[in-house]
Amino acid sequence: MTSFEDNNTDIRDGEGYFYFIRTQTISGYQDSPRVGPIISRAQWFNTLRINVLVVTMLVSVLVVYYIRRARAGEKLFIRKIAGLDAIDDAVGRSTEMGRPILYSFGLSYLNEVWTLASLSILYRVAQKCAEYSTRLLVPHYDPLVMSAAQETVKQAYIETGRPDLYDERDSPFLTADQFGYAAGVDGMMMREKPGAVFWQGYFYAESLILAETGHSVGAIQIAGTTSVEQIPFFVAACDYTLIGEEMYAASCYLRPEPQMLGSLKGEDLTKAIILMFLTFGTALGTLGVLLKNFLNVDWPNVIFANLVQWFNTF
Amino acid sequence: MKLLDRLANIDRRLIFLTIGFVVAIPIILKLKMPIRISSEVRSAYETIENLPGGSVVLASMDYDATSAPELTPMFRSFLRQCFRKKLKIVYTGHLAIGLPLAQFDLDAITQECNAVYGEDYINLGYRPGYTAVMIGIGREIRDFFAVDYKGVSVDSFPIMKGVHNYNDIALIVDFAHGSAAEYWIQYVVSRFGVKMFACVTGVMAPTLYPYLQAGQITGIIGGLQGAAEYEMLVGQPETAAFGMPAQSIAHIAIIAFIIFGNIGYFVMKRKK
Amino acid sequence: MRREIPIIITFLTGFLCVVAFFIPHPPFGGLQQRFLIWYAIIAGFTMVLGLDSLVKYNIKKIVQRKQGWQYSYVLLFGLVLVLVTGFQSWFKYNTPFELRSSFMYSYIHIIVPLQATMFALLAFFISSAAYRAFRARTFEATLLLIAAAIVMLGRVPIGKMIWDKIPVLSDWLLNIPQLAAKRGIQIGVYLGGVVMSLRIILGIERTYLT
């Protein structure tokens, strides 16, 4: 052993500590001369996290760059997202049938980014409901989300010029229990028979119970979740599904302001760079294995291992 | 041909009734089936087997009664294996409603294995904060858990001597029915480099395969099948192994309904 | 200022958290732990908020005799029962989680069966959803159907009894194509989350302000 790292949590920065090595011998033990004082100090920059800084800077620079380009007047293209385009149709269909709309955040909390994305979709749905004078039901799992959602719906109704249609009783807090919430929403759907249902948030095992009940009352269902394991259930049971980041793109899609579109474009380019890097890494790793096995050439493997190690260091 | 037409539109209630019967009958008849051990469960088992005696294992209880049929057998087998290996268990959780459930099994198994509270295991209880608590333990566990679940200072227990943060924890085992396992991996394993494996419900298991393949976790025990495999490895088959015949036949029933539905669909399509 | 102050607070907090991640030197080094402890304390108080909201809403429902007001009595009774048994158990045994306590009795005999029952419904719903959704309408739907059948059989002992290659195929499906698709979606989701967080910190995304 040529080095020693003292991980004792009682060590204080700025205080001197002395170390010696005690060697056990047959006759007893022998101590080395004391070394010190060794004084620990916190670094001004954690060099193990350079990799995170590089990726963070890359994402930030690209987002800011495209926001500036969008503000300068450049037209940025976004592909069609069927689930978001279907919002107007779904609300229209419900209005024709004389049935209300149901909107659910799932088991989301206000400190989660997908909840904020869902609020922007709720805003759009509420605007359309106010335009068409259709009732909007929003049952809640979390009281903080309920407060934010009530404010969002109220704001949408006021801006559309129909503040009289807003009813706080249509946005109740049900329960903070997973299946209690599912039971409550199911009961609401069976009684109110909505024409359209929006599942926009984070869902767990109750997703299929909710979606199946929505199907049984004949509602058109538009789901959106970042919960990867629930996406297959929504895809199977709903008419439209926003998969993963399509939910995050909703606020940019529904409100195509330059800075929103610019950030989306920056994200897309970041993903393209990651894809190129993944392709390069896969090719390098595969080449390394093939060259090592057939030609006993090791350098691609070494480069690949160092690259993986650089990303793994934290 | 009327019957073939009906196959595409079987009443839901008939499906529900059939599933009810195919699950109940094997349980009533106490059928048995051989259990195949998968590599990810064996790997999880070996992770504990390879720990030296006296190592500290942090067990996180992140499930409730909804997932108890799948996760309770895993938890019971985990406790048996750890106590057999003379490992020390520090037990906490991020789901307040799930902790009492695990307490029930903890009391039963600790009596069975003659484990002593405060020496072989400790229950730190629940603290709100979720990921904040997970990250905060990385610096000092006592910042969040100064006392155990009964309000007694953790420093009064021998098991907590020298246990301050993840540097002193050999393994994390998360019993989760939601995203908790992913949060443990993202916020703790990747940042602090602690070894971990996850015990999750069947629906969550596929989500963790990327982490298993990347080497960020050492194993996955997923669903009732995973619980049954783990029970066989630990050598005490219980409810999970007992439930596998019912699950097997239920899967066959679902596949049969899918086939009927497709037959009916193609018949109707041909007619049109 | 009503809109500007929250945006400034968001920006400062977000910026400090990011800086604290990279700079271990005081005062930044201890900042992260401080924020985490504050967050845990605030998270505890949000439960009180939830409790207040729940009680107010149900009392209002009873007083105004809204639809389903009788169930509000059940809810409030349950709330009081758990509170009373919890406190009684705490005073008697120093913890409500003592197995002999009245709190654990109500938990084991009421909450556990109710939760397990609700979750058990999934078995029925998944069957009817699978029957309805897994139709070989297109080539992709047929692939999905076949993959689902293989994995369903491979994950239970009967699969090996039918053909010993089914578990091997099932493992391959889980470890290769499923993994690839899941990784792709997860990369997109987490990247979307990073950019969304950036938008929130920079004040571009303001949906949390109304």
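In this predicted model, C:Val156 counts as buried because 28 C-beta neighbours lie inside 10 Å, and the cut-off for a buried residue is 20 or more such atoms. C:Val156 is placed in the loop between helix 5 and helix 6 of chain C. When residues up to four places away in sequence are not counted, C:Val156 touches B:Gln225, B:Met244, B:Gln247, B:Ser248 and B:His251.

Chain C contains eight helices and zero strands, and the order of its elements from the N terminus on is α-α-α-α-α-α-α-α. The radius of gyration of chain C is 26 Å, whereas a compact globule of 210 residues would have a value near 17 Å. The C-alpha trace of chain C spans about 60 × 50 × 40 Å along its principal axes. Of the 210 residues in chain C, 25% are buried. Among the contacts in chain C with a separation of 6 or more, 17% come from residues 24 or more positions apart.

Chain C is divided into domain 1 (1-64) and domain 2 (67-122). The C-alpha centres of these two domains of chain C lie 29 Å apart. A cis peptide bond, with omega near 0°, runs from C:Pro26 to C:Pro27. C:Pro27 belongs to the loop between helix 1 (4-22) and helix 2 of chain C.

For chain B, the domain assignment gives domain 1 (2-31 + 247-271) and domain 2 (39-236). The C-alpha centres of domain 1 and domain 2 of chain B are 39 Å apart. Chain B also meets chain A: 12 residues of chain B are in contact with nine residues of chain A. On the side of chain B that touches chain A, helix 7 (180-192) and helix 8 (205-213) of chain B each supply at least two residues. The residues of this side of chain B comprise three nonpolar, seven polar and two charged.

Within chain A, helix 5 (residues 178-192) and helix 6 (residues 206-216) pack at an angle of about 5°, and their axes are 10 Å apart. Helix 5 of chain A is therefore roughly parallel to helix 6 of chain A, since angles under 35 degrees count as roughly parallel. In this contact, helix 5 of chain A contributes A:Gln178, A:Phe179, A:Ala182, A:Val185, A:Asp186 and A:Met189, which meet A:Glu206, A:Ile209, A:Leu210, A:Thr213 and A:Gly214 in helix 6 of chain A. The residues of the contact fall into six nonpolar, three polar and two charged.

Several backbone features of chain A were also noted. A:Lys193 has phi near 50°, a positive value in a residue other than glycine. A:Lys193 lies in the loop between helix 5 and strand 7 (196-202) of chain A. With 15 C-beta neighbours inside 10 Å, A:Lys193 counts as partly exposed. A positive phi, of about 55°, is also found at A:Asn296, which is not a glycine. A:Asn296 is located in the loop between helix 9 (258-295) and helix 10 (299-312) of chain A. A:Asn296 is exposed, because 7 other C-beta atoms lie within 10 Å and the limit for an exposed residue is 12 or fewer. The peptide bond from A:Gly36 to A:Pro37 is cis, with omega near 0°, and A:Pro37 is placed in strand 4 (residues 35-39) of chain A.

Conventions. Residues numbered from 1 in each chain as written. Chains lettered and ligands numbered in written order. Predicted model: local features only at pLDDT ≥ 70, side-chain atom pairs only at ≥ 80, totals over all residues. Axes fitted to C-alpha atoms, helices over the stretch in contact; angles between N-to-C directions. Helix = DSSP H or I, 4+ residues; strand = E, 2+ residues; numbered from the N terminus. Parallel < 35°, antiparallel > 145°, perpendicular 65-115°, else oblique. Contact = placed C-beta atoms within 7 Å. Nonpolar A, V, L, I, M, F, W, Y, C, P; charged D, E, K, R; others polar. Domains from an automatic or database assignment. Rg over C-alpha atoms; globule rule 2.2 N^0.38 Å.
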